[in-house]
Amino acid sequence: MRIAIAGAGNVGRSIAQELIGNGHEVMLIERQPRQLCPERVPEAQWVLADACELSSLEEADVASCDVVVAATGDDKANLVVSLLAKTEFAVGRVVARVNRAENEWLFTEQWGVDVAVSKPRLMAALVEEAVTVGDLVRLMTFRQGEANLVEITLPRNAPYEGKPLRSVPIPHDAALVAILRGKRVVVPTPDDPLEAGDELIFVCISEVEDQIRAVVLGTAP
């Protein structure tokens, strides 16, 4: 993919290096000359411009990008970049960094944001995921809450412990996408038995989260 990243600070450069390592073409847009350090990520295309300016985005040919990442340290700038990318250039996917948790409610489809990444929320979810057994933890939200990535750890003596996945009544609008078992990542198949301590990773809509919890913990009728 061709990906534009607004903001070439530590966060923007780290994202760029990861994406380049995965074989993508990356353009870094930075308005501060002192932050323009092509030697830090030499494989990227570097552009000295203000990503909040429509003319700058036109010159950078943002319309040709598959994804735009608004990764500056300023939430206002990230919202403007997201809105311009989506409404003026019809970019297919816009990912925005949320710097201040109190601003997270603004990062919605109305502002052109497909995925908002809030470090405080993500860190809180990872803390919960690390210490919580037998409860459902929401790790990430997609498409303004239409779908979520959730985790629930199978407790000992759960009703489906030791039974194959084919016997588990997974709700509609939910999919078990991975099982974390010790240091292994298991791609689930119908014949795989569940073990106590398995971390079950689901993609689902919000409305069925309670059903997943009930099925895994054995409180479903």
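Confidence in this predicted model is lowest in helix 4 (residues 119–131), with a mean pLDDT of 58, and highest in helix 3 (residues 75–87), at 97. Here pLDDT is the predictor's confidence in each residue, from 0 to 100. The chain as a whole averages 88, and 91% of its residues score at least 70. Because the model is predicted, local features need a pLDDT of at least 70 and side-chain atom pairs count only at 80 or more, while totals for chains, interfaces and linings use all residues. Residues are numbered from 1 along each chain as its sequence is written, and side-chain values use heavy atoms, with hydrogens and water left out.

Now for the overall layout. The chain holds 5 helices and 11 strands, taken as DSSP runs numbered from the N terminus (helices are H or I, at least four residues; strands are E, at least two). Its C-alpha trace spans about 60 × 35 × 30 Å along the principal axes. Of the 221 residues, 43% are buried, meaning under 20% relative accessible area, with exposed being over 50% and partly exposed in between (1.4 Å probe, protein chains only). Among contacts (heavy atoms within 4.5 Å) with a separation of 6 or more, 53% link residues 24 or more positions apart.

The UniProt record, in an unreviewed entry, lists residues 1–117 as "domain: RCK N-terminal"; such positions are given in the numbering used here, feature names are shortened, and annotations may be inferred rather than shown by experiment. That span is 26% helix and 24% strand, and its end C-alpha atoms lie 20 Å apart.

Helix 1 (residues 10–21) has 12 residues, which at 1.5 Å a residue should span 16 Å; the end C-alpha atoms are 17 Å apart, so the two agree. The expected span is 1.5 Å times one less than the number of residues. Gly12, Arg13, Ala16, Leu19 and Ile20 are the buried residues of helix 1. Seen down the helix axis, they fall within an arc of 130 degrees and therefore line one face; the arc is that of the directions from the axis to the C-beta atoms. These buried residues pack against strand 1 (2–6), strand 2 (25–30) and strand 3 (45–48). Asn10, Glu18 and Gly21, on the other side of helix 1, are exposed. After the helix comes glycine 23, with a positive phi near 90 degrees.

What about the nonpolar cores? Each is a set of buried Ala, Val, Leu, Ile, Met, Phe, Trp, Tyr and Cys residues joined through side-chain atoms within 4.5 Å. The largest has 24 residues, and Met27, Ile29, Leu57, Val62, Val68 and Val91 touch the most other members. Strand 1, strand 2, strand 4 (67–70), helix 3 and strand 5 (93–98) each give two or more residues to this core, and helix 3 supplies the largest share, 4 residues. Leaving aside residues up to four places away in sequence, valine 68 touches Ala4, Val62, Val81, Ala85, Val91, Arg93, Val94 and Val95. A second, separate core of 20 residues includes Leu154, Ala174, Leu194 and Leu200.

Finally, glycine 182 sits in the loop between strand 9 (174–181) and strand 10 (184–186), exposed at a relative accessible area of 77%.
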